[in-house]
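Good morning, everyone. Please bring up the model on your screens, and we will walk through it together.

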Amino acid sequence: MSGAAELIRIAKAEVGYKEGFSNGHWDNKEKYAGQVPGMAWVSAGGYPWCALFVCWAALKSGNNDLFPRTASCAYALDWFRQKGRFSEYPAIGAQVLFGPNGGTHTGIVYAYDSTYVYTVEGNTNTSGSPEGNGVYLRKRARRDAYTYGYGLPKFPEGVTTADPALKGKPGFTYAAKATGPAAKHAAPKSTVKKVVVKSGMTLSSIAVAAGVTLASILTANPSIKDPDTIRPGQTITVPAKPSPTATKKATPKASAKPTKKATPKASATKSTCK
């Protein structure tokens with residue numbers, strides 16, 4: 001399975017995860033780097049892992065080729081720009097980039113409106129730090145100078161975006177605000193069926209067999225004036241059997257109090273978000 005919905009599902013499932021804690025501070029040792037081929041050095045070196053978290057979510061959700069495999073926010077920005085898929089407007093499943101020139105921090109967009117962008121971010125905390133301690137849901141101001149822009153993955157279902165320049169273009173669905181990918185709607189299934197009357201049948205027996213009321217059958221067949229006068233060979237429209245509805249109660253997640261940690265120096269040869 002791939003696409004924006006699966007990417008977001010995988011990323012959100014990690015909310016609450018915390019990196020390692022040693023020598024009195026959070027240490028950037030996390031579980032994701034070892035699961036992404038070629039990226040184990042990020043955790044081994046204690047480097048910032050916000051971009052690595054995006055890579056991991058892309059890999060696990062089947063969207064590996066739609067995102068750059070990197071621990072560098074700057075590299076991610078260049079990667080999307082080279083493909084002509086960078087925008088100043090948010091999109092569902094987009095890789096959002098923060099800071100001067102987009103090189104400080106990153107995450108995944110799961111919703112947006114006219115004022116805010118809602119994200120899943122790794123290596124942050126409740127205050128939105130780019131050098132935090134875990135995976136959090138964040139609410140960011142769209143027009144804040146810190147919110148630099150968005151890489152738009154080429155999802156198979158297309159991209160839901162607030163970019164007016166992409167309105168009507170193939171592969172894009174414009175939405176001023178959105179809380180999930182634009183669904184591809186299948187042709188609606190028929191809610192009625194047809195029954196050909198056989199000898200011995202009555203409207204009441206047809207209603208009982210279909211699990212509906214006689215009144216509903218009469219409503220669906222306005223041409224029938226007398227329910228006792230149907231004849232063999234006559235076609236009767238039978239409405240769908242009503243189905244019960246169910247509701248679910250969401251259980252809120254608790255978040256741990258963030259703890260300040262030391263910031264490791266970046267490698268001279270392997271660029272990271274800081």
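**A cavity, some rings and a loop**

The lining of the largest cavity divides into six nonpolar residues, one polar and one charged. Here Ala, Val, Leu, Ile, Met, Phe, Trp, Tyr, Cys and Pro count as nonpolar, Asp, Glu, Lys and Arg as charged, and the others, Gly among them, as polar. The lining residues are V36, C55, A58, L59, N64, F67, P68 and R69. A cavity is a set of points on a 1 Å grid over the protein atoms alone where a 1.4 Å probe fits but cannot get out, and lining residues have an atom within 4 Å of a point. The volume is about 40 Å³, meaning the space filled by probe spheres set on the points, which are joined across faces, edges and corners.

Some ground rules. This is a predicted model, where local features need pLDDT of at least 70, side-chain atom pairs count only at pLDDT 80 or more, and totals for chains, interfaces and linings use all residues. Residues are numbered from 1 along each chain as its sequence is written, and side-chain values use heavy atoms, with hydrogens and water left out.

Now the rings. The whole structure holds 15 aromatic pairs. Rings of Phe, Tyr and Trp (its six-membered ring) pair if their centres lie within 6.5 Å; planes under 30 degrees apart are stacked, over 60 edge-to-face, the rest tilted. Take Y32 and F53: their centres are 5.2 Å apart and their planes at 70°, so this pair is edge-to-face. Y32 lies in the loop between strand 2 (25-26) and helix 2 (40-44), and F53 in helix 3 (residues 50-60), so the pair ties together parts 21 residues apart in sequence. Helices (H or I, at least four residues) and strands (E, at least two) are DSSP runs, numbered from the N terminus.

Are these two buried or exposed? Y32 is buried, at 0% relative accessible area. F53 is buried too, also at 0%. Buried means under 20%, exposed over 50%, partly exposed in between (1.4 Å probe, protein chains only).

Last stop, Y89. This residue sits in the loop between strand 3 (86-87) and strand 4 (95-98). Y89 is partly exposed, with a relative accessible area of 33%. G151 is 62 residues away from Y89 in sequence, yet 9.5 Å away in space, C-alpha to C-alpha. Leaving out residues up to four places away in sequence, Y89 touches R142, Y150, L152, T161, A162, D163 and P164. Contact means heavy atoms within 4.5 Å.

Key. On a 1 Å grid over the protein atoms alone, a cavity is a set of points where a 1.4 Å probe fits but cannot get out, and a pocket is an open set with protein on both sides within 12 Å along at least five of seven lines; lining residues have an atom within 4 Å of a point.
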